[in-house]
Amino acid sequence: MNAPTRSDPATGEQPPPDVRGRHRPGLRARLTGGPSPSPGLVAIVIIVTWLAVLAESTLVPVNPALHRVALFVHLACLVVGFGAVVAVDWIALKWLLRRCQLRQVLAVADQVNLLIWLGLAGMAASGGLLRPDLGSTLTQIKLLLVLLVALNGVQASALHRRIAAFTGPVPRLLLLRSVLAALVSQGGWWGAMAIGFLSSHPT
Ligand code: HEM
C-alpha cells in the first residue's frame, strides 16, 4: 500500500506511525533522498533516443502484420502513459480547488511516474515501427510535441523533487511553474493524440 491510499482522502492526514509501516522511507525521503540523475543528462538521453526512433522509423520494412501489432502496442501504451498523466493532473486540479493537500498530489505523481515514462517510451518505440511519414508537416509537429512532452516531464519531475524537499510553505513561483508544466504536458499529449488520429483517419 502506498501513501495516498493510506491517508485520509478528505483531510490528507496521515494515520498514526504504527499503521504506516516502519521500514519504508517517507515520501519526502523517497523523492529527495535517493540519488537522481541530473535533469540535463536525462534530457540528453531523451534527445538521443528521439533521434534513434526517427532513424529506426526509416529502416522499418512494409509489413502489415507488424503494423497491426505496433498499432495495438501504440494504443495500449497511450492508455498507460496518458492515463497516468491524467491521474496526476486530476488530483492536482483537486489541489488547486483546495479539495486535497499538495503532498497527496506529490505522492500520486511519485507513484505513477514510472508508468508515464514506460507509456511514453512504448509509444515512441511502437510509433517508429508504424513508419511515420517524416515528410509530413503534421507528423513533424507531432514528433516535436512528443519531444516537448518528454523534456517537459524531466523538468516537472525536477520541480516535484524541489517542492517535496520543502518543510514549510512552498514558494508560489515554484507552484506556478509546476502548474505551467502540467498545462504544457496536457497540451502536448492532446496535440500528439489529435495529430495521430488525424493522420490515421484523414477526411
Ligand atoms: C505522446 C506520444 C504519442 C501519442 C499521444 C500518439 C498518439 C497516436 C494516436 C491517437 C494515433 C491514432 C491511432 C488510430 O487512430 O488508429 C497514432 C497513430 C500513429 N502514431 Fe502516434 N502517438 C505518439 C507518439 C508517436 C511517435 C513518437 C511516433 C513515431 C515515431 C508515432 C507514430 C504514429 C504513426 C505512424 C501513427 C499512424 C498509425 C496508422 O497507420 O494508423 N506516434 N498515434
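These exercises work through a predicted model of a protein chain with a ligand.

**Exercise 1. Confidence**

Find what pLDDT the chain averages, and where pLDDT stays under 50.

*Solution.* Start with the whole chain. The average pLDDT is 87. Of the residues, 83% score at least 70.

**Exercise 2. The shell around the ligand**

Work out which residues come nearest to the ligand, which helices supply the shell, and what classes of residue the shell has.

Step two: helices. At least two shell residues come from each of H4 (39–59), H5 (64–96), H6 (102–129), H7 (137–164) and H8 (172–200). H8 gives the most, with 7 residues.

Step three: classes. The shell has 14 nonpolar and 8 polar residues. Charged residues are absent from the shell.

**Exercise 3. The largest nonpolar core**

Identify the residues that touch the most other members of the core, and the elements that build it.

*Solution.* The largest nonpolar core has 35 residues. Val 88, Val 108, Val 146 and Val 149 touch the most other members. H4, H5, H6, H7 and H8 each give two or more residues to this core. Take Val 88 as a case. Leaving out residues up to four places away in sequence, Val 88 touches Val 108, Ala 109 and Val 112.

**Exercise 4. Helix H8**

Check the length of H8 against its residue count, then list its buried residues and what they pack against.

*Solution.* First, the length. H8 has 29 residues, and at 1.5 Å a residue it should span 42 Å. Its end C-alpha atoms are 42 Å apart, so the two values agree.

Next, burial. The buried residues of H8 are Ser 178, Ala 182, Ser 185, Gly 188, Trp 189, Ala 192, Ile 195 and Gly 196. Look at the spacing in that list. An α-helix has 3.6 residues a turn, so residues three or four places apart point the same way. Last, the partners: the buried residues of H8 pack against H5 and H7.

**Exercise 5. Trp 189**

Decide whether Trp 189 is buried or exposed, and name its contacts.

*Solution.* Locate it first: Trp 189 is in helix H8. Count neighbours next. Trp 189 has 21 C-beta neighbours inside 10 Å. The cut-off for buried is 20 or more. Trp 189 therefore counts as buried.

Then list contacts, not counting residues up to four places away in sequence. Trp 189 touches Phe 82, Val 85 and Val 149. Finally, compare sequence with space. Trp 189 and Val 146 are 43 residues apart in sequence. Their C-alpha atoms are 7.5 Å apart.

Technical notes
Residues are numbered from 1 along each chain as its sequence is written. This is a predicted model: local features need pLDDT of at least 70, side-chain atom pairs count only at pLDDT 80 or more; totals for chains, interfaces and linings use all residues. pLDDT is the predictor's confidence in each residue, from 0 to 100. A residue is near a molecule or strand if its C-beta atom, placed from the backbone, lies within 6 Å of it. Helices (H or I, at least four residues) and strands (E, at least two) are DSSP runs, numbered from the N terminus. Ala, Val, Leu, Ile, Met, Phe, Trp, Tyr, Cys and Pro count as nonpolar, Asp, Glu, Lys and Arg as charged, and the others, Gly among them, as polar. A nonpolar core is a set of buried Ala, Val, Leu, Ile, Met, Phe, Trp, Tyr and Cys residues joined through C-beta atoms within 7 Å. A residue is buried if 20 or more other C-beta atoms lie within 10 Å of its own, exposed if 12 or fewer, and partly exposed in between; C-beta atoms are placed from the backbone. Two residues are in contact if their C-beta atoms, placed from the backbone, lie within 7 Å. The expected span of a helix is 1.5 Å times one less than its number of residues.
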